[in-house]
Amino acid sequence: MIYEKISLYPERPHITLTTYVSEISPELRNFKKKAVLVLPGGGYWITSDREAEPVAKAFFAAGMNAFILRYSVKEEAVGYAPLLDAAAAIKYIRDHAEEWNIDENQIIVCGFSAGGHLAASIGVLWRLDIISKTLGCKNSYIKPDGMILGYPVITSGPKGHQGSILKLADTEDKTLSQEELDRFSVEKHVDYDTCPAFIWHTAEDEGVPVENALYMCEALAAHKIPFELHVFPYGEHGLSLATEETAPKDEMIMPYVARWIDMAIKWINEILFK
């Protein structure tokens, strides 16, 4: 396996892309692989380790090349800064697709919580002018081919996660204008060019209410974008894989919910790229 931590910007070495890439071997069938870019959550304050390497390893074990992006957080997570990081990561993966034996038309983003907001944002807002101007490439070059959203922050409305939205807005003022709120409310920007989605959530989630997933699906359905939704009846926020490895306490080990990763892999292989 090619394991490497790559700094995306010379001036900001902490914004990194970590690779979990299969090496080419004469003993193996070296077909082009799918790639999954993992975007951990953390309210745009951190990027959670529980939603990073364990998830990348699961996709790698399923025969895909996986990547983890440590994107802009804290005071750097203002406006579209995290979105530009995600775009830069996709560009880097596509730039190196031949070297890493990746099918450049099979690149998926997978995000959790605030990372789910980021994954949804790049899947919806990939056509923003700021992306092409900043990265110097066509917008279509950084469009993901699919998105996996785990208990994602989606809306900036009453059911949203205010901490994440206020972080992006660079303010603690909870009386933002509707225009300012709408800027980061992903479901309001879904259009007919949004990429297909696999979404999962739990009905019990109090950190990011399940309505976030439902609003996103409603917007996708209105624009005839294919999606698959799983709402599990139980489970608190931040379950990640819902396994012993990712659970900070026993109550977050939930085999019933842990099925989502197998479902997502089947969605990739049998639905998204059938």
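Helices here are DSSP runs of at least four residues, numbered from the N terminus. With that in hand, welcome to a predicted model. The structure holds 11 salt bridges, and the count of aromatic pairs comes to 12.

**Salt bridges**

- Side chains of opposite charge can pair when their charged atoms come close.
- An α-helix has 3.6 residues a turn, so residues three or four places apart point the same way.
- Asp 95 has a relative accessibility of 41%, so Asp 95 counts as partly exposed.
- Arg 94 also forms a salt bridge, with Asp 145, at 3.0 Å from N to O.
- Arg 94 is in helix α2 while Asp 145 is in the loop between α4 (129-135) and β6, so this pair ties together parts 51 residues apart in sequence.
- Arg 94 counts as buried because its relative accessibility is 7%, and the cut-off for buried is under 20%.
- Glu 76 and Arg 12 form another salt bridge, with their closest N and O atoms 3.5 Å apart.
- Glu 76 sits in the loop between β4 (65-70) and α2, and Arg 12 in strand β2, so the pair ties together parts that are 64 residues apart in sequence.
- Glu 76 is partly exposed, with a relative accessible area of 26%.
- Arg 12 and Glu 76 also belong to a network of salt bridges that links them with Asp 85.

**Aromatic rings**

- Tyr 3 and Tyr 20 make one of the 12 aromatic pairs.
- Their ring centres are 5.4 Å apart and their planes stand at 75 degrees, so the pair is edge-to-face; the cut-off for that class is over 60 degrees.
- Tyr 3 belongs to strand β1 (residues 2-9) and Tyr 20 to strand β2 (residues 12-21), so parts 17 residues apart in sequence are tied together.
- Tyr 3 is partly exposed at 47% relative accessibility, whereas Tyr 20 is buried at 4%.
- Phe 112 and Tyr 151 form a tilted pair, because their ring centres are 5.8 Å apart and their planes are at 50 degrees.
- This pair links distant parts of the chain, 39 residues apart: Phe 112 is in strand β5 (residues 102-112), and Tyr 151 is in the loop between β6 (146-150) and α5 (162-169).
- Phe 112 is buried at 0% relative accessible area, and Tyr 151 is buried at 2%.
- Ring pairs join Phe 112 and Tyr 151 to Trp 200, Phe 232, Tyr 256 and Trp 260 in a cluster.

**Charges over rings**

- Lys 167 lies over the face of Trp 45, 4.8 Å from the ring centre.
- Arg 183 lies over the face of Tyr 80, 4.5 Å from the ring centre.

- How many residues of helix α3 (residues 114-124) are buried? The helix is mostly covered, with 11 of its 11 residues buried, among them His 117 and Ser 121.
- A search of the whole structure finds 1 cavity of 30 Å³ or more, and the largest cavity holds about 90 Å³ of space.
- Among its 13 lining residues, the closest to the centre are Leu 83, His 117, Ser 121, Leu 168 and Phe 184.
- Both α2 (81-95) and α3 give two or more residues to this lining, and α3 provides the largest share, 3 residues.
- By class, the lining has 9 nonpolar, 3 polar and 1 charged residues.

Methods. Residues are numbered from 1 along each chain as its sequence is written. This is a predicted model: local features need pLDDT of at least 70, side-chain atom pairs count only at pLDDT 80 or more; totals for chains, interfaces and linings use all residues. Side-chain values use heavy atoms; hydrogens and water are left out. Buried means under 20% relative accessible area, exposed over 50%, partly exposed in between (1.4 Å probe, protein chains only). Rings of Phe, Tyr and Trp (its six-membered ring) pair if their centres lie within 6.5 Å; planes under 30 degrees apart count as stacked, over 60 as edge-to-face and the rest as tilted. A charge sits over a ring if NZ of Lys or CZ of Arg is within 6 Å of the ring centre and within 35 degrees of the ring normal. On a 1 Å grid over the protein atoms alone, a cavity is a set of points where a 1.4 Å probe fits but cannot get out, and a pocket is an open set with protein on both sides within 12 Å along at least five of seven lines; lining residues have an atom within 4 Å of a point. Grid points are joined across faces, edges and corners, and a volume is the space filled by probe spheres set on the points. Ala, Val, Leu, Ile, Met, Phe, Trp, Tyr, Cys and Pro count as nonpolar, Asp, Glu, Lys and Arg as charged, and the others, Gly among them, as polar. A salt bridge is a side-chain nitrogen of Lys or Arg within 4 Å of a carboxyl oxygen of Asp or Glu.
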